Amino acid sequence: MIAETVCSAVSAAGLGIAAITAYRKRFLAATRIAAYSLVPIGLVMTGVVEWLADTAFSPTAWAGFGVLGVAWVLFTTTRAVERRRGGTRKERRAARAAAQPEAVAPGASAPSLGQGSGPAARPAAAPRGDEDFSDIEAILKKHGI
């Protein structure tokens, strides 16, 4: 009984605020306020408020909400673990099979040598005779070796 009275008072106050807002030529805001203020009286008229009042004081209803909460927690934890592991057993097997490196990259003519995460190695230049070693000899002489 008191919940219906409170909802009716809230609706009446909201409609009053909507009227003042419309008087100030803010019709869009007034319409939105009027819509929000009609919700509580609509809930009273449909019986939702009475149902909520009966449910709020029912130990069986609270036990049911507790069971639903436990079910929700179990569901979310299993989903989190499944995401962390990479899905179901079949999905993990498929991912492992796809993750095995191939000997030759698709479309390549030479076998791949590894992950290739570092910078590309420069191909060794063909030796040009004594000129390549002259630089090395000069460095070694400079350091007294």
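Helices (H or I, at least four residues) and strands (E, at least two) are taken here as DSSP runs, numbered from the N terminus. On that basis the secondary structure of the protein comes to six helices and zero strands, and the order of elements from the N terminus on is α-α-α-α-α-α. This is a predicted model, in which local features need pLDDT of at least 70 and side-chain atom pairs count only at pLDDT 80 or more, while totals for chains, interfaces and linings use all residues. Residues are numbered from 1 along each chain as its sequence is written, and side-chain values use heavy atoms, with hydrogens and water left out.

**Overall exposure and contacts**

- Of the 145 residues of the protein, 10% count as buried, where buried means under 20% relative accessible area, exposed means over 50%, and partly exposed lies in between (1.4 Å probe, protein chains only).
- The protein exposes about 12700 Å², of which carbon and sulfur atoms supply 66%; accessible areas come from the Shrake-Rupley method with a 1.4 Å probe, and for residues only the protein chains shown count as cover.
- Among contacts in the protein with a separation of 6 or more, residues 24 or more positions apart account for 31%, a contact being heavy atoms within 4.5 Å.

- Threonine 21 is found in helix H1 and is buried, with a relative accessible area of 11%.
- Leaving aside residues up to four places away in sequence, threonine 21 touches Arg26, Ala29, Ala30 and Ile33.
- Lysine 25 has its place in the loop between helix H1 (2-23) and helix H2 (27-46), and counts as exposed at 65% relative accessibility.
- Phi of lysine 25 is near 65°, a positive value in a residue other than glycine.
- Most residues other than glycine have a negative phi.

**Surface patches**

- Patches are made of residues with over 30% relative accessible area and no salt bridge, with like charges joined within 9 Å and nonpolar side chains (Val, Leu, Ile, Met, Phe, Trp, Tyr) within 5 Å; a salt bridge is a side-chain nitrogen of Lys or Arg within 4 Å of a carboxyl oxygen of Asp or Glu.
- Val39, Leu43, Val48, Trp51 and Leu52 make a nonpolar surface patch of about 450 Å².
- H2 and helix H3 (48-56) are the elements that give two or more residues to the nonpolar patch, and H3 gives the most, with three residues.
- Tryptophan 51 is found in helix H3 and counts as exposed at 52% relative accessibility.
- Arg89, Lys90, Arg93 and Arg96 form a positive surface patch; Lys and Arg count as positive and Asp and Glu as negative, while His and the chain ends are not counted.
- The place of a charge is taken as NZ of Lys, CZ of Arg, CG of Asp or CD of Glu.
- Arginine 96 lies in helix H5 (residues 89-99) and is exposed, with a relative accessible area of 55%.
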